[in-house]
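Hi there,

Here is the structure I said I would pass on. Please have a look, and my notes follow below.

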Amino acid sequence: MTQDRTEMSEDDDDNSQSPPLDLRSAAIADHCSSSSSSTPNKSRNCMALNSQTFPDHVLENVLENVLQFLDSRCDRNAASLVCKSWWRVEALTRSEVFIGNCYALSPTRLTQRFKRVKSLLLKGKPRFADFNLMPPDWGANFAPWVSTMAKAYPWLEKVDLKRMFVTDDDLALLADSFPGFKELILVCCEGFGTSGIAIVANKCRKLKVLDLIESEVTDDGVDWISCFPEGVTSLESLAFDCVEAPINFEALEGLVGRSPFLKKLRLNRLVSLEELHRLLLGAPQLTSLGTGSFSHDNAPQSEQEPDYAAAFRACKSVVCLSGFRDLMPEYLPSILPVCSNLTSLNFSYANISPDMFKPIIHNCHRLQVFWALDSICDEGLQAVAATCKELRELRIFPFDPREESEGPVSELGLQAISEGCRNLESILYFCQRMTNAAVIAMSENCPELTVFRLCIMGRHRPDHVTGKPMDEGFGAIVKNCKKLTRLAISGLLTDQAFRYMGEHGKLIRTLSVAFAGDSDMALRHVLEGCPRLQKLEIRDSPFGDVALRCGMHRYYNMRFVWMSACPLSKGCCKDVARAMPNLVVEVIGSDDDDDNRDYVETLYMYRSLDGPRNDVPKFVTIL
Amino acid sequence: MEKVGVYDDELVNLKATELRLGLPGTEEKVSCGKSNKRALPNDTEKDIESTGKTETETASPPKAQIVGWPPVRSYRKNNIQTKKNESEGQGNYVKVSMDGAPYLRKIDLTMYKQYPELMKSLENMFKFSVGEYFEREGYKGSDFVPTYEDKDGDWMLVGDVPWEMFVSSCKRLRIMKGSEAKGLGCGV
């Protein structure tokens with residue numbers, strides 16, 4: 001069965017391990033477009049056989065037939081660097097393009113290089129923007145992309161955006177320009193409303209996937225569900241759990257009834273339990289279900305109470321369950337019939353106590369992905385550890401996301417998980433108390449870990465048993481988890497922790513640092529180590545100019561660096577910008593920071609093939 | 001309110017959690033040893049069901065929250081807090097239904113000061129007009145009559161009781177249409 005990777009994993013691009021060599025291939029591009037000769041550039045490491053034995057066009061046809069099977073983008077990037085011929089053919093055969101930073105290149109460059117794109121994956125704002133660390137209207141507009149592609153790729157079928165600003169007009173243009181459009185996925189996006197969605201629903205007659213995930217969608221009062229055309233649809237996936245607007249239930253029921261290919265349905269908070277029941281009866285073929293509110297609208301009349309468990313029992317194919325936005329706990333046992341089939345369960349919006357939780361999880365032997373609130377407590381985590389031996393991904397979110405909250409989960413839960421779930425690959429864990437011992441245990445018990453994100457919510461908290469910094473725990477993680485590609489650290493941390501990371505974090509691509517370290521040395525260790533580092537996000541840590549300069553040899557090989565509330569000076573940032581012309585160095589401030597002219601509130605820098613962007617808001621300065 | 005501690009990056013090693021005091025409902029940005037001002041983004045587009053600041057109002061002494069920490073997305077924070085608000089009785093969220101309309105809305109009665117404001121909002125929400133309220137004859141000039149269910153389960157005409165009593169006793173609103181509404185309150 002397919003995993004819902006767009007929702008359930010933020011590391012969807014971590015599969016490709018190679019550092020993208022955009023600048024080098026851009027150099028080839030520039031050379032190719034200016035050169036009139038057809039012989040290979042002798043300064044490149046080219047195989048000379050092509051012009052000696054076979055005519056160019058025959059070989060290129062052969063290449064085209066071979067390269068079309070290449071899916072992985074790092075393989076394609078490598079192939080495109082072999083020689084001019086390969087570059088050209090690769091560009092013609094790449095049908096899916098991934099752009100990790102929308103400002104790394106202009107839309108025109110995309111359409112000039114790749115001529116037959118059917119699918120675009122585009123990411124915009126840096127992740128720390130999610131936490132209000134950036135003023136709104138910073139950018140990442142979809143508009144220039146959709147308008148350029150409208151002319152260049154009329155055959156476009158799929159658009160997958162993350163953290164982009166998308167307007168209703170953009171959606172209208174999309175719906176108008178691409179008659180064969182099949183998949184729209186918007187993750188953590190904003191700027192549009194139900195009227196834009198209505199246009200897509202109405203005009204994209206071949207639509208298979210409409211997934212709105214954790215996006216801000218304005219309620220324009222439009223009944224968008226009714227805008228899907230009459231007749232049988234091609235819909236396979238419809239996710240609108242983030243749309244905070246009431247929906248026309250009769251229209252939804254009708255839509256589901258005429259969508260025989262529908263496998264994934266994620267309802268929003270405004271769909272009640274009774275309505276869910278009716279939908280389930282009409283769509284037993286679903287594999288992935290977002291259950292909506294899971295509560296009653298009105299006081300239930302007991303004689304007429306629907307048999308919810310029977311409805312779930314009929315859904316033999318459901319393997320992925322989420323929703324439970326306003327959970328009425330007495331109805332939770334209705335899901336028991338599907339528990340033993342579940343591979344993915346998301347309880348992260350439901351305040352479930354250990355007593356409610358344990359009877360449910362006890363049946364979930366096949367669970368691989370589990371998200372929940374810390375309300376299940378250490379006790380609940382122990383139950384997970386006892387049952388879910390196939391667990392690969394765990395995310396525990398705080399019910400009370402404040403620094404001074406109680407924190408019902410601790411090192412006990414982490415230890416239990418490490419002992420019970422040996423196949424764990426990815427963990428995100430919010431807590432208030434932690435020990436080095438538990439983190440070390442996890443590093444030893446879970447060798448498959450690729451993602452380790454621990455958030456001890458109180459800042460600078462040491463090991464609460466020994467009182468020592470958390471250096472040894474994180475050190476063990478980077479030493480023992482040889483496959484680690486993503487790390488987020490927290491708690492009281494000295495430069496020593498960073499020494500460990502720099503030395504042992506050989507595969508780390510993404511590193512998140514907050515309120516950690518003692519001095520510039522810490523950041524130096526990381527910049528001079530961690531050979532695969534691509535994305536570095538730092539806040540509120542004592543790293544200054546000296547540290548920043550230590551990374552100049554590698555900023556071109558990274559996707560971005562974010563540093564906010566660090567003691568950086570504008571002068572140093574200017575020096576970096578001057579020394580690295582293909583690096584865009586943005587200083588983001590609030591409107592009134594004239595008094596502290598030299599102080600850099602937020603530094604966001606990234607490589608770019610097309611220079612600084614032309615849509616800079618007034619609170620951003622590009623050095 | 002006094003500031004108890006000043007965040008200083010040189011004391012990072014010795015820091016336990018520090019106490020900070022601030023006005024209830026304020027959020028303060030703390031940085032490494034430099035003062036700066038941050039313009040907080042407006043959360044006004046968020047629906048009225050999430051206020052996001054009730055904890056700082058009820059805790060004592062109120063502790064200023066660091067912007068963006070812990071790193072939980074505001075969508076997630078707002079959804080969890082919606083439940084907390086409702087259970088703590090902050091505001092009075094009631095469902096509003098209108099006969100003939102296929103879906104419900106939800107509003108917070110404490111966001112309104114008096115009946116006219118509420119009626120205007122309902123009219124906008126459901127695109128109808130309510131006519132004029134007369135103390136003895138109820139609503140005239142429209143087929144639509146706003147009614148509510150009170151704590152005792154009785155269905156009453158909106159406007160009959162003083163506003164404060166209405167806000168505290170209203171459990172749900174229903175905009176009735178036509179003949180059904182005639183038997184209520186002071187109607188004909």
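**Notes on the two chains**

Starting at the N terminus, the elements of chain B follow the order β-α-β-α-β-β-α-β-β-β-β-α-β. That gives chain B four helices and nine strands. Please keep in mind while browsing that this is a predicted model.

A few overall values for chain B: 47% of its 188 residues count as buried. Its accessible surface is about 10000 Å², and carbon and sulfur atoms account for 51% of that. Among the contacts in chain B with a separation of 6 or more, 52% join residues 24 or more positions apart.

Now to chain A, which has 23 helices and 23 strands. Here 60% of the 623 residues count as buried, and the chain exposes about 23000 Å², with 52% supplied by carbon and sulfur atoms. For contacts with a separation of 6 or more, residues 24 or more positions apart make up 72% in chain A.

A word on confidence: the average pLDDT of chain A is 89, and 88% of the residues reach at least 70. Residues 1-51 of chain A are a stretch to treat with care, with pLDDT below 50, although the model gives this stretch 99 contacts beyond near neighbours in sequence. Where pLDDT is low, predicted coordinates should not be read in detail.

A:V209 belongs to strand β6 of chain A, which covers residues 209-213. Is A:V209 buried or exposed? A:V209 counts as buried because its relative accessibility is 9%, and the cut-off for buried is under 20%. Leaving aside residues up to four places away in sequence, A:V209 touches A:K182, A:E183, A:L184, A:I185 and A:S237. A:L235 sits 26 residues from A:V209 in sequence, yet the C-alpha to C-alpha distance between them is 6.1 Å.

The other topic is a helix pair. In chain A, helix α16 (residues 377-387) and helix α17 (residues 411-420) have axes that come within 8 Å and cross at roughly 0°. α16(A) is therefore roughly parallel to α17(A). By class, their contact has six nonpolar, three polar and one charged residues. On the α16(A) side you will find A:D378, A:L381, A:Q382, A:V384 and A:A385, which meet A:L412, A:G413, A:A416, A:I417 and A:G420 of α17(A).

Best wishes

Methods: Residues are numbered from 1 along each chain as its sequence is written. Chains are lettered from A and ligands numbered from 1 in the order in which they are written. This is a predicted model: local features need pLDDT of at least 70, side-chain atom pairs count only at pLDDT 80 or more; totals for chains, interfaces and linings use all residues. Side-chain values use heavy atoms; hydrogens and water are left out. Helices (H or I, at least four residues) and strands (E, at least two) are DSSP runs, numbered from the N terminus. Buried means under 20% relative accessible area, exposed over 50%, partly exposed in between (1.4 Å probe, protein chains only). Contact means heavy atoms within 4.5 Å. Accessible areas come from the Shrake-Rupley method with a 1.4 Å probe; for residues, only the protein chains shown count as cover. pLDDT is the predictor's confidence in each residue, from 0 to 100. Axes are lines fitted to C-alpha atoms, for helices over the stretch in contact, and angles run from 0 to 180 degrees between N-to-C directions. Angles under 35 degrees count as roughly parallel, over 145 as roughly antiparallel, 65 to 115 as roughly perpendicular and the rest as oblique. Ala, Val, Leu, Ile, Met, Phe, Trp, Tyr, Cys and Pro count as nonpolar, Asp, Glu, Lys and Arg as charged, and the others, Gly among them, as polar.
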